[in-house]
Amino acid sequence: MASFKSVRDLLLIGFDEGLLDEEEFLLLYQQYTSLNAEYPYTSYPAFDLELKDEVECKTEFRVEKNDIPGLADTLRIPEIVKCYQGTICGREEALCILLKRFAYPCRYSDLIPTFGRPVPELAMINNKMISLIFDIHGHRLTEWNHQILHPEALETYATAVSNKGAALTNCFGFVDGTVRQICRPGKNQRVVYNGHKRVHALKFQSVALPNGIIANLYGPVEGKMHDARMLGESGLYNNMRQFAFSRQGEPMCIYGDPAYPLRMHLQAPFRREGITEEMQDFNRSMSQVRVSVEWLFGDIVNYFKFLDFKKNLKIRLSQVGKMYIVGALLRNALTCLYKNTTSMYFELDPPALNEYFA
């Protein structure tokens, strides 16, 4: 597909040779003039990872320079990423475009000095990468992940939680919902309005493990949905009834806040009415370890701040839901590479990068 600039150049040649009259030329030239500003991307060199400084890579891409090729390989990004209109890009450059876009709220024009590409190409490559990673690896979060949630692993997680003073000895993780603000939509605003937070938002449900990995992520759903309803619609509890058992067949559970119902595989604090001192001790011990799920929510938006910039999160105009899921997958990848606050708190190492994405 020819660019607008190429078409305009051909129109100039046609007009100069008398193939077009003045009225036809002006009409067609205006038709093929972009409404967006034209940036001098050709004055910048093409992207070359080898020329990037170590500190620059860590700052701009959130990944150390030597780990970028391995991450691209582990994510199974093809050697050449091809967009629908023919734009091609090497996999390391494509991954870096995505990482830099996620790292901080920025316009595509801010990426031009780093990658030497026009804005439309940067946008298409970024969207292609979001869809590519979601299609290949999205099931690791949206479905029961047997690679990290098998019986032996559940016992290991429960032991780590118990060693931190938790009253429950069979709790392997923590569940909670998170409200992610979005730009106020032009239509159906009430559907995504969260009255508790008083913001327009989408919600996600996450299960956090003590090794710092997000084991399950459900969403997006409308911002007004209650956590208990989100749990029922996610199918998570049905999966736990089938798979959440130790090697001896004992039920394992996750722990949530008071919004969740009490079930065999789902525990919550004792309610305030008439609780004893022992019940208060139970609540206190579980509250101290449950905060780890909040740390993981914070990790996603702290490392990929674009996902917390509501003015650019416009439903029907961008892949808001996919972006957050891909951000969680990339956060898991960083945890595998460098650990995080949760894994260090529970003194439990996350899986190796190639093991998680195997």
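K203 is buried, with a relative accessible area of 7%; buried denotes under 20% relative accessible area, exposed over 50% and partly exposed in between, with a 1.4 Å probe and protein chains only. This lysine, K203, lies in strand 5, residues 199-208; strands (E, at least two residues) are DSSP runs, numbered from the N terminus. What does the side chain of K203 reach? The side chain of K203 reaches the backbone oxygen of M225, at 2.9 Å.

A word on the basis of these values: this is a predicted model, in which local features need pLDDT of at least 70 and side-chain atom pairs count only at pLDDT 80 or more, while totals for chains, interfaces and linings use all residues. Residues are numbered from 1 along each chain as its sequence is written, and side-chain values use heavy atoms, with hydrogens and water left out.

I turn to the cysteines. How many disulfides does a search of the whole structure find? The search finds zero, a disulfide being a pair of cysteine sulfur atoms within 2.5 Å.

Finally, the domains. The protein chain is divided into domain 1 (1-35), domain 2 (41-139) and domain 3 (143-357), with bounds from an automatic or database domain assignment. The centres of domain 1 and domain 3, taken over C-alpha atoms, are separated by 55 Å.

Technical notes. Helix = DSSP H or I, 4+ residues; strand = E, 2+ residues; numbered from the N terminus. Polar contact = N/O pair within 3.5 Å; in protein donor to acceptor, adjacent residues only side chain to side chain.
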